[in-house]
Amino acid sequence: MKLTIIGTGYVGLVTGACFAEVGHQVVCVDNDVSKVELLRSGGIPIYEPGLEELVRKNTADGRLRFTSSTAEGVEKSEVVFIAVATPPQDDGSVDLSFIEKVAREIAAALTNYKIVVDKSTVPVKTGEKVAETIKRYCKARVDFDVVSNPEFLREGFAVEDLMKPDRIVIGVRSQRPVPAMKNVYAPFNAPIIVTDINSAELIKHASNSFLALKISYINAISVLCEATGANVQEVAHGMGMDERIGRRFLNASLGFGGSCFPKDLSAFVKIAEQEGCDFALLKEVQKINASQMDRFVKKIVDTLWVLKDKTIGVLGLAFKQNTDDIRMSPAIELCQRLQKEGAILRVHDPKAMEKASAVLKNVIFVKDMNELADGCDALVVATEWEEFKKLDLERARQALSHPILFDGRNLFDPAEMERLGFIYKSIGR
Ligand code: NAD
């Protein structure tokens, strides 16, 4: 099929590459001209495992193209996906100006029937607004359908998630766009749920809020574990063996972050408020998340006492492993909090140092994780990169002025750390 994706970011680029990989003809549109030029010249603006190969292969095979012209993309396709950002505003509500602008641009380019699919995460009832906007700005009377098709990929596993989705959600107003939408997704062999647009939009916010709730739940348990001498990982293991609960998203930590969970949570609270409901449960999820960071910083301050002029090595800057994305990263917040206390920071991340250099000032970026501890008073793990488990702990212990390691992601085994001579503080154990 001929498909266009407007917005070539984390979602748009991976979706475009995966659609091309299964045989569709894809045009990816972005109004960031430098991004389009980079992609055209073979560069990749983001890190995502497996993405570069997919983009290279499908560009070379002529199934994936890049342009900065929405009109060109709309003209060439049967189905037009919107995958632009929906960032949070100061009051927690969603800034829908990118969506509205794209709706106007699509309207201006419509000359025959198209299916306009919203893949961005949007508040319930946005589909109605998009349809109204396209109708209002369309020059001629042209038929179109608006569809909601929320995206559930996880950064760091985006290609895998796109190629093998748990389910595809398609929200429609009429049955007309359903066969085409089913054709788009037929190669992925995933269950397809066809529902109304408002339900589809709610499914996305309800899912993300539930996952955030699950994380805050285990984080709240971790506080109880610390108070009682229990081990949160043992508790999570025991809970997770119950199929009704499941082990995933039960990892205690210094809190969740990223461009989705915090913004989708506050958006959902705001949406509920606008509909006259007080979603107090989700407000508590937010509170627990914020307190995890406070508690972690306190743990560091309680141990090191005065941070001023102490050198701390921070492992991890990305908001999670396998990505270079630092948007609302707890690791970045932690660095800023430690700097505020007067600490000198040496930092390392396998993929996110370039992006972090735009927001973190006066820190020393260390390329080799094994050299991070040199001249440090303590180490902190802030992101759960798998490769941090291979840190040369013996070398780190000798390089540190005192062998202190704060683990905000529970990567190491407390008994082993003690055996190696570390003062080791993790979460809920
Ligand atoms: P992003 O910021 O990485 O990408 C958005 C892209 O849209 C940017 O490249 C920007 O230049 C482009 N853009 C903005 N206005 C445009 C316009 N008028 N025309 C063409 N391009 C335009 O954002 P993202 O992380 O890919 O997220 C996109 C949406 O998907 C958001 O609603 C987000 O909540 C949702 N989502 C994100 C993830 C994730 O893990 N990142 C997962 C599921 C859903």
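This dialogue goes through a predicted model of one protein chain, feature by feature.

Reader: What kind of model is this, and which limits apply to its features?

Author: The model is predicted; local features need pLDDT of at least 70, side-chain atom pairs count only at pLDDT 80 or more, and totals for chains, interfaces and linings use all residues. Residues are numbered from 1 along each chain as its sequence is written, and side-chain values use heavy atoms, with hydrogens and water left out.

Reader: How many helices and strands does the protein chain have?

Author: Helices (H or I, at least four residues) and strands (E, at least two) are DSSP runs, numbered from the N terminus. The protein chain has 16 helices and 14 strands.

Reader: What does the radius of gyration say about the protein chain?

Author: The radius is taken over C-alpha atoms, and the globule rule is 2.2 Å times the number of residues to the power 0.38. For 429 residues a compact globule would have a value near 22 Å, and the 23 Å of the protein chain agrees with that. The C-alpha trace spans about 75 × 50 × 40 Å along its principal axes.

Reader: What share of the residues is buried?

Author: Buried means under 20% relative accessible area, exposed over 50%, and partly exposed in between (1.4 Å probe, protein chains only). Of the 429 residues, 54% count as buried.

Reader: Which share of the contacts joins residues at least 24 apart?

Author: A contact means heavy atoms within 4.5 Å. Among contacts between residues at least 6 apart in sequence, 72% join residues at least 24 apart.

Reader: How many disulfides does the search find?

Author: A disulfide is a pair of cysteine sulfur atoms within 2.5 Å. The search of the whole structure finds zero. Cys28 is in none, and the nearest cysteine sulfur, that of Cys18, is 11 Å away. For Cys260, also in no disulfide, the nearest cysteine sulfur is again that of Cys18, at 16 Å.

Reader: Is Cys28 buried or exposed?

Author: Cys28 is buried, because its relative accessible area is 0%. Cys260, with 31%, is partly exposed.

Reader: Where is Ser148, and what does it touch?

Author: Ser148 is in strand 6 (residues 144-148), and its 3% relative accessibility makes it buried. Leaving aside neighbours within four places in sequence, Ser148 is in contact with Asp118, Val169, Ile170, Gly171, Ile197, Ala200 and Glu201.

Reader: Which residues does Val297 touch?

Author: Val297 lies in helix 12 (residues 280-304) and is buried at 5% relative accessible area. Not counting residues up to four places away in sequence, Val297 touches Leu334 and Arg337. Gly408 is 111 residues from Val297 in sequence, and their C-alpha atoms are 9.9 Å apart.

Reader: What about a loop residue such as Asn322?

Author: Asn322 sits in the loop between strand 9 (311-315) and helix 13 (330-340). At 18% relative accessibility, Asn322 counts as buried. Beyond its neighbours within four places in sequence, Asn322 has contacts that include Tyr47, Pro49 and Trp385.

Reader: What is phi in Met328 and in Asn410?

Author: Most residues other than glycine have a negative phi. Phi of Met328 is near 50°, a positive value in a residue other than glycine, and Met328 is in the loop between strand 9 and helix 13. Phi of Asn410 is also positive, near 50°. Asn410 lies in the loop between strand 13 (404-407) and helix 16 (414-419), and is buried, with a relative accessible area of 8%.
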